[in-house]
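Here's a quick tour for anyone meeting this structure for the first time. Take a look, then read on for the main points.

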Amino acid sequence: MYEGVSFIPLTWTDMLYLAPEFTLAAVFLLLIVLDLLLPKSVSRLSIGWLTFAGLLVTLGLVVWRMLDMNKAGAAADAVHLLSNSYRIDDFASLLKIVFLTGTAFIVLLALGSVRDDDAITDRAEYFYLLLPAVIGAMMMSSSGNLVTLYIGLELLSLTSYVLVGMRRKSSLSAEAAFKYLVTGGISSALVLFGMSYLYGVTGSVDLAVIGKALPGALVDFQALVYVGFLFMLAGFGIKIATAPFHAWAPDVYQGAPSPVSAFLAVISKGAALAVIFRIMFNTVLFAVGGEDANVSNDIFFIVLVLAAAAMLVGTTTALRQKNVKRLLALSGVANAGYMLVPIGLSITVVHSSNFSEFIYYLIAYLLMTIGAFAVLSVVSRSAGHEELKGFSGMYYRAPWTAAAMVVFVLSLAGLPVSGGFFGKLFILLGAANAKIYWLAAIIVVSSVISYYFYFGLVRQMFMRSGSDDSDIRVPAATGAVIWLCAAATIALGLFPGPLMEWIDAVFSIRSDLMFQ
Amino acid sequence: MEMYSQAAWLIPLFPLAAFLVLTALGRSFRRAGVFIGSIGSLAAFALSLLIVIDRLGANAVDYNYAFDWIRIGDYTLRIGFEVTNLTAMMLVVVTLVSFLVNVYSAGYMKNDERITVFYGYVALFTFSMLGLVLSDNLLSLYIFWELVGVCSFLLVGFWYSKPKARAAAKKAFIVTRIGDAGLLIGILLLFWYMPNHALDFTTIQSVFDGQTGAITTGITTLIALLIFLGAVGKSGQFPLHVWLPDAMEGPTPISALIHAATMVAAGVFLIARTYDIFQDSAAAMETVAYVGGFTAIFAATVALAQNDIKRILAYSTVSQLGYMMMALGLHSLTGGIFHLFTHAFFKALLFLGAGSIIHAVHTQNINEMGGLGSKMRVTAWTFAIGALALSGIPPFSGFWSKDMILTAALETNPLLFVVGLAGAFCTALYMSRLFFLVFMGKPKSAAAGAHESPATMTFPLIVLAVLAIIAGFVETPWNGWFGSWLSGEPEDAHGSGVVIIASIAVGLLGIYLGWLVYGKGSVSRTVIAERLPWLVKLLERSYYVDELYAAVIVKPLKAIGAALSVFDEYVVGGVVRVAGAATSSVGRLSARLQNGQVQTYSLAAVIGFVIIVVAIVGRRFLP
């Protein structure tokens with residue numbers, strides 16, 4: 001199989017390290033059976049709560065494993081299973097915590113909104129299908145070779161195609177599912193195509209081996225290496241919806257149920273960003289010296305160009321958007337751009353805090369995006385549509401929810417006091433540190449453009465009187481999501497220090513991200 | 001030991017909670033405002049009192065708690081709170097006056113439709129002021145400094161349907177902004193020059209007090225003057241005093257709380273907090289002393305010719321703040337803070353008394369009052385106590401603190417001693433004029449149907465009157481307890497028979513003259529107005545400072561502004577419109593891509609991908 005490496009099968013101790021994944025899978029299987037056995041009369045909300053519980057237990061396991069591994073300090077060795085094809089390290093654990101927390105929020109959000117959505121017929125599936133999706137995301141963040149990575153990607157993608165089409169009675173939802181399936185297929189094809197070239201020139205699917213073999217491969221197959229990386233980037237570019245691969249996002253987000261849109265915007269995007277991070281820093285980074293440096297620089301540079309394109313295209317397209325879900329999709333495009341920046345900056349002598357910048361923004365993005373989707377689900381139910389004007393006069397109808405929305409908007413726009421402010425600030429400082437000033441300028445310009453449509457929302461809420469004065473009812477579960485997200489967003493905006501310091505304390509590039 | 005000091009961070013949270021609850025309730029619960037606001041400030045007062053009692057012992061240690069807020073690169077920004085004897089004293093003053101004003105407003109604002117909003121603002125102000133007092137570094141102090149400014153703006157313009165109130169709020173905000181800009185630059189300079197960019201008061205003290213020479217004298221003077229500029233704006237010192245008399249458009253309880261006892265004293269507090277910087281620069285100290293002395297006499301003379309009861313008290317506040325500044329400039333920290341302490345009580349008392357009068361007669365013109373003494377006994381008696389305290393008559397509190405300032409002046413700067421004495425004479429004169437015109441003589445038009453205010457309003461008056469009598473005994477010429485407590489070092493008693501006799505003499509002389517003119521009527525009131533009409537006019541118009549500003553600053557600025565707005569409209573506006581049009585046309589272009597066809601999406605992705613690949617990678621393969 002690989003040169004000089006024999007395959008090591010899974011032992012019982014290894015199984016313990018996989019406890020979170022196994023737990024989720026077990027809960028998933030259990031819920032399928034339960035759904036079949038339970039009589040029709042029993043509310044499927046109970047399945048939703050069980051999904052939620054399963055996620056919390058798994059979250060607990062991941063956190064426990066991470067704390068346990070970090071007892072010895074930052075340099076704790078990573079655990080690799082199955083000949084380095086699966087890795088348990090702080091990079092993976094932190095991302096898993098983010099994904100599981102996000103999915104737990106999303107299940108809560110779904111619990112709050114599912115009752116009012118008649119277009120969803122299979123309510124149990126609506127909840128438990130999120131589990132294989134998040135397992136896929138966890139596999140992607142833990143993968144040490146291209147095959148594991150691809151399987152995780154497909155697990156995530158296939159389940160999300162179904163989830164997008166969950167509103168079976170809505171033609172918009174069906175159309176969205178179809179579009180997502182086609183675009184997702186293209187994405188998988190591009191990724192696989194790129195991977196096959198990498199395997200071809202280095203003879204391995206193991207990221208560590210690829211990284212070692214790459215300088216040698218570049219001597220003979222420079223063009224093929226380009227092909228491999230660029231096609232993979234394009235494929236993942238579709239998943240994270242960076243420009244010019246973003247066009248599917250508004251249509252799909254609009255058709256999908258709000259919680260699923262939030263899932264695509266946060267977990268799906270985050271997982272794809274994580275694998276780009278992992279691949280780039282384990283392979284491209286080592287192609288240094290002479291000709292190799294050109295290739296390495298070019299690929300990092302392309303990531304930066306994609307980032308810049310996403311920021312500019314996302315914000316300018318959103319200017320004319322009247323549908324809030326499409327608006328959030330395009331804001332997600334711009335945010336994908338911000339999160340690509342720490343990846344594309346590479347590591348230099350003066351700048352190596354890429355991961356903490358990335359994860360801080362991802363956390364802030366998770367909170368503000370899920371929070372905004374939660375508010376949107378409440379408002380759209382009251383207004384009967386998802387247009388911007390549904391928010392009009394909201395301050396007079398539901399002042400506290402409007403206040404929470406202001407927090408999310410401030411964070412999305414990157415203004416203090418919010419998590420988004422420090423997230424963007426850290427990324428901006430990173431770009432300035434690495435002396436990539438043109439990119440810093442684009443970050444600033446795109447932020448300024450984005451104020452226009454973010455404050456369009458605020459204007460609607462505070463300065464327009466609504467057409468109807470009906471109260472906006474907030475279901476308890478949705479309310480919990482809104483307030484947890486708002487409180488955490490403000491907390492991140494007031495005290496960015498503790499989280500940043502903790503990440504810096506547990507995370508070491510050498511042992512947690514790189515394999516060599 | 002200092003157990004309660006550790007819990008000092010709780011104090012601002014009570015009014016903050018009150019503010020949040022009141023905001024959440026909205027206007028629906030009119031009675032709730034009074035209770036929630038009063039309970040919030042009462043709880044804060046109780047805790048502050050415990051802290052002070054806890055610290056009354058000889059060697060109370062300063063308590064400081066701070067944590068890392070933001071770490072950027074090597075720089076760490078720490079924020080926290082600090083309890084010293086000075087801050088403990090300020091806590092008590094702020095929370096006590098705030099509580100009494102809350103109670104008083106229950107009667108005064110009773111019929112106002114937006115009373116809940118009013119209580120919300122007052123709670124927010126109290127929170128900000130307490131945050132300012134507790135701050136352990138200049139940055140968070142500055143944030144709260146701005147926040148109290150915002151609250152002042154909101155409360156001065158509380159009756160925003162009155163154009164004068166709107167104008168006054170705007171003026172207060174803009175004029176203090178000039179000072180704030182100075183303060184901000186001062187803080188930035190300090191940040192730049194301080195070792196490790198530290199901004200906390202402990203480090204500032206050790207750097208400047210230790211004569212480490214880390215910062216040159218020139219820079220020290222510059223920083224001190226810039227900080228002083230902030231204090232000039234906030235504390236209404238000449239030449240930025242113009243906003244304070246206009247701020248009297250706000251509700252009277254607000255004048256008592258913000259524009260007499262607490263916020264305007266923040267400038268004095270700021271200098272006391274950064275006193276080590278000032279002591280390092282003789283030039284800065286002299287500036288503070290002379291600006292303070294000039295303001296003291298200047299505002300006192302203006303107060304002589306005003307007819308609006310609140311404006312008289314406002315100029316009196318400006319004048320008294322001048323005394324405090326003068327004391328600080330004369331190296332008498334104790335004198336300045338002592339006067340701040342006593343002034344807070346008797347001036348709040350006078351304002352609340354004035355509010356009680358206005359409540360009864362519905363006018364602010366003292367010439368339309370008269371004879372109120374028999375109709376409003378509580379108000380009259382307490383007002384008399386406040387007036388005597390302000391005029392510096394023993395044994396009332398104002399005498400002791402003013403005496404201390406004058407003693408300091410006599411020792412170091414005889415010129416300022418004379419200025420201070422002259423100011424004291426004017427003070428006694430305008431207060432007796434005010435008192436006799438309002439409470440004595442025959443009732444005039446407005447005073448006919450007046451009657452005493454309700455108990456919610458007289459109770460605070462009585463409490464403050466008691467304090468105005470006794471607050472001065474903490475420091476007398478024979479007993480330096482307050483100074484020793486404040487500085488932590490034993491201070492000698494500082495009695496000076498000359499000063500005591502001189503200050504009593506000018507006080508009594510002022511009152512006697514006032515009585516002759518406005519009480520007994522044996523000297524004609526118009527005697528000066530007939531002989532020197534221009535002088536009266538000059539004083540009435542406050543030396544035409546406002547008019548001078550209008551002619552020298554506002555009009556030229558407006559002209560420049562008009563010119564700039566033309567530039568803005570055609571040049572800047574043109575550029576903005578072009579940029580906006582360009583942005584939105586890019587947006588339109590990419591929105592056109594969103595036609596709902598997956599084929600188009602994929603095609604766009606492929607084209608974009610090819611462009612990027614060719615542009616970036618292609619150049620490597622070109623010959």
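Chain B comes to 27 helices and two strands in its secondary structure. Keep in mind that this is a predicted model. In chain A there are 21 helices and two strands.

**The chains in general**

- Chain B has 623 residues, and 52% of them count as buried.
- For chain A, with its 516 residues, the buried share is 60%.
- If you take the contacts in chain B with a separation of 6 or more, 80% of them link residues 24 or more positions apart.
- Chain A gives 80% as well, again for residues 24 or more positions apart among contacts with a separation of 6 or more.

**Nonpolar cores**

- The largest nonpolar core holds 202 residues, and B:V268, B:A348 and B:A468 are the ones that touch the most other members.
- Leaving out residues up to four places away in sequence, B:V268 touches B:A231, B:S235, B:L321, B:M324, B:M325, B:L328, B:G336 and B:L340.
- Another core, of 200 residues, lies apart from that one, and its members include A:V62, A:L94, A:W248 and B:V617.

**One helix in chain B**

- Helix 18 of chain B runs over residues 397-412, and at 1.5 Å a residue its 16 residues should span 22 Å; the end C-alpha atoms sit 24 Å apart, which agrees.
- Of those 16 residues, 13 are buried, so helix 18 of chain B is largely enclosed by the rest of the structure.

**Helix 7 of chain A and its partners**

- Helix 7 (residues 146-164) of chain A packs with helix 8 (residues 171-202) of chain A at an angle of about 170°, and their axes are 9 Å apart.
- An angle over 145 degrees counts as roughly antiparallel, and helix 7 and helix 8 of chain A are therefore roughly antiparallel to each other.
- On the helix 7 side of chain A, the residues in this contact are A:L146, A:Y150, A:L153, A:E154, A:S157, A:Y161 and A:V164. Among those they meet in helix 8 of chain A are A:S173, A:A176, A:Y180, A:G184 and A:M195.
- Sorted by class, the contact of helix 7 with helix 8 of chain A has twelve nonpolar, four polar and one charged residues.
- Helix 7 of chain A also crosses helix 11 (residues 258-282) of chain A at roughly 170°, with axes that come within 11 Å. That makes helix 7 roughly antiparallel to helix 11 of chain A too.
- Here A:L149, A:L156, A:S160, A:L163 and A:V164 in helix 7 of chain A meet A:V260, A:F263, A:L264, A:S268, A:A271 and A:V275 in helix 11 of chain A.
- The residues of the contact of helix 7 with helix 11 of chain A split into nine nonpolar, two polar and no charged.

**Where the chains touch**

- How many residues does the contact take from chain A and from chain B? It takes 30 residues from chain A and 27 residues from chain B.
- On the side of chain A that touches chain B, helix 8, helix 9 (207-240), helix 10 (248-255), helix 12 (291-318) and helix 20 (496-506) of chain A each supply at least two residues.
- Helix 12 of chain A gives the largest share of that side, eight residues.
- By class, the side of chain A that touches chain B has 20 nonpolar, five polar and five charged residues.

**A closer look at A:L45**

- You'll find A:L45 in helix 3 (residues 45-69) of chain A.
- A:L45 has 16 C-beta neighbours inside 10 Å, so it counts as partly exposed.
- A:L45 and A:L111 are 66 residues apart in sequence, yet 6.6 Å apart in space, C-alpha to C-alpha.

Note on methods:
Residues are numbered from 1 along each chain as its sequence is written. Chains are lettered from A and ligands numbered from 1 in the order in which they are written. This is a predicted model: local features need pLDDT of at least 70, side-chain atom pairs count only at pLDDT 80 or more; totals for chains, interfaces and linings use all residues. Axes are lines fitted to C-alpha atoms, for helices over the stretch in contact, and angles run from 0 to 180 degrees between N-to-C directions. Helices (H or I, at least four residues) and strands (E, at least two) are DSSP runs, numbered from the N terminus. Angles under 35 degrees count as roughly parallel, over 145 as roughly antiparallel, 65 to 115 as roughly perpendicular and the rest as oblique. Two residues are in contact if their C-beta atoms, placed from the backbone, lie within 7 Å. Ala, Val, Leu, Ile, Met, Phe, Trp, Tyr, Cys and Pro count as nonpolar, Asp, Glu, Lys and Arg as charged, and the others, Gly among them, as polar. A residue is buried if 20 or more other C-beta atoms lie within 10 Å of its own, exposed if 12 or fewer, and partly exposed in between; C-beta atoms are placed from the backbone. The expected span of a helix is 1.5 Å times one less than its number of residues. A nonpolar core is a set of buried Ala, Val, Leu, Ile, Met, Phe, Trp, Tyr and Cys residues joined through C-beta atoms within 7 Å.
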